[in-house]
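Morning, everyone. I have one protein to show you today. Please look at the screen, and then we'll walk through it together.

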Amino acid sequence: MTEKHSCRPSWFLDERTSLGRENTDEEHVAHYDEKEDADAAAEVEWLRGLVPGPNSTVIDLGAGTGQFSLLAARQWANVIAVDPSPVMLHELRRKVAAANARVAVVEGGYLTFDWPAADADLVYSRYALHHLPDFWKALALDRVRTMLRPGGILRLWDIVYNFPASEAVDRIEHWCSTGYSSEEGGWTRADLEEHVTDEHSTFTWLLEPMMLQAGFTIEEAVHSDNGIFAKYLLRAV
Ligand SMILES: C[S@@+](CC[C@H](N)C(=O)[O-])C[C@H]1O[C@@H](n2cnc3c(N)ncnc32)[C@H](O)[C@@H]1O
């Protein structure tokens, strides 16, 4: 569980500076849980059927405010919540302390968090991978596979575009048009536009081969009807 920033080559992506503007915005982070319900109870309930051992090791990569980690800690003994944002980490640590939860909180990310034991049963990651450009996504998936034991699971949710490039303008514009007004709460049109312009969501037909290349099998892939959201269950070979 170490962070290594200093021994990486100078061209290596600094994930502390690519973690998304809003994730360092104290106002956004303070209201994140009102804005985004991670559906963590349903996720833990479903995943405990796949990862039954109470002593299992679960790594939440890009844990944010810890909605998943806090509930996961009631189910599994070794929960490690990892995030590169100091603002998210501050809120996460506050919530972990308030709940007296058994969650180890670690500063790091896909490219910097190390799990040399290579024995994790589950890596959970929701809406974090899109902060990396595609080259780095491939490295990130490779790193996650090395954190897992053979047969271990990566549960990945993200914004991943499931349509051909020829449909992208219409599909993305339709999605942006579903943003709420700032009075309504929730993700606004400006938030969705910022996602498209400043972050790195990719196409399913680019991401899914990266998963296979990294040494995962895709056991389940659920794509939303609007072609914007994807939920994967991947298993380390
Ligand atoms: C939209 S939030 C999702 C938080 C949480 N997983 C959830 O579902 O509520 C995205 C999180 O990804 C984190 N993040 C950004 N870049 C990352 C990276 N390279 N590795 C891991 N997490 C990253 C951000 O700091 C932020 O906490």
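What percentage of the 237 residues in the protein is buried? Buried residues make up 37% of them. Keep in mind that this is a predicted model.

Start with the overall build. The protein has nine helices and seven strands. Now picture a box drawn along the principal axes. The C-alpha atoms fill roughly 45 × 40 × 40 Å.

Next, contacts along the chain.

Now some helix packing. Two packed helices are described by the angle between their axes and the distance between the axes. We have two pairs to look at.

Pair one is helix 6, residues 134–147, and helix 9, residues 204–213. Their axes come within 9 Å and cross at roughly 30 degrees. The crossing of helix 6 past helix 9 is right-handed. Who touches whom? Helix 6 brings Asp134, Lys137, Ala138 and Leu141. Helix 9 answers with Leu206, Leu207, Met210, Met211 and Gln213. Sorted by class, this contact has six nonpolar residues, one polar and two charged.

Pair two is helix 7, residues 168–176, and helix 8, residues 189–198. Here the axes are 9 Å apart, and the angle is about 145 degrees. Helix 7 supplies Ile172, Trp175 and Cys176. From helix 8 come Arg189, Leu192, Glu193 and Val196. This contact has five nonpolar residues, two charged and no polar ones.

On to the ligand. Which residues come nearest to the ligand? They are Gly62, Gly64, Ser85, Gly109 and His131, out of 23 residues around it. By class, the shell holds eleven nonpolar, eight polar and four charged residues.

Let's zoom in on single residues. Ser69 sits in helix 4, residues 67–72. Is Ser69 buried or exposed? Count the C-beta neighbours inside 10 Å. Ser69 has 28 of them, and the cut-off for buried is 20 or more, so Ser69 counts as buried. Set aside its neighbours within four places in sequence. Ser69 is then in contact with Asp60, Ala63, Val79, Ala81 and Val103. Glu219 is 150 residues away from Ser69 in sequence, and their C-alpha atoms are separated by 23 Å.

Last, two backbone angles. Most residues other than glycine have a negative phi, and most peptide bonds are trans. So look at these two.

Asp39 has a positive phi, near 55 degrees. You'll find Asp39 in the loop between helix 2 (32–35) and helix 3 (40–50). Asp39 has 14 C-beta neighbours inside 10 Å, so it counts as partly exposed.

Asn100 also has a positive phi, near 50 degrees. Its place is the loop between helix 5 (86–99) and strand 3 (103–107). How many C-beta neighbours does Asn100 have inside 10 Å? It has 7, so Asn100 counts as exposed.

Key:
Residues are numbered from 1 along each chain as its sequence is written. This is a predicted model: local features need pLDDT of at least 70, side-chain atom pairs count only at pLDDT 80 or more; totals for chains, interfaces and linings use all residues. Helices (H or I, at least four residues) and strands (E, at least two) are DSSP runs, numbered from the N terminus. A residue is buried if 20 or more other C-beta atoms lie within 10 Å of its own, exposed if 12 or fewer, and partly exposed in between; C-beta atoms are placed from the backbone. Axes are lines fitted to C-alpha atoms, for helices over the stretch in contact, and angles run from 0 to 180 degrees between N-to-C directions. A crossing is left-handed if the near helix is turned anticlockwise from the far one by less than a right angle, and right-handed if clockwise. Two residues are in contact if their C-beta atoms, placed from the backbone, lie within 7 Å. Ala, Val, Leu, Ile, Met, Phe, Trp, Tyr, Cys and Pro count as nonpolar, Asp, Glu, Lys and Arg as charged, and the others, Gly among them, as polar. A residue is near a molecule or strand if its C-beta atom, placed from the backbone, lies within 6 Å of it.
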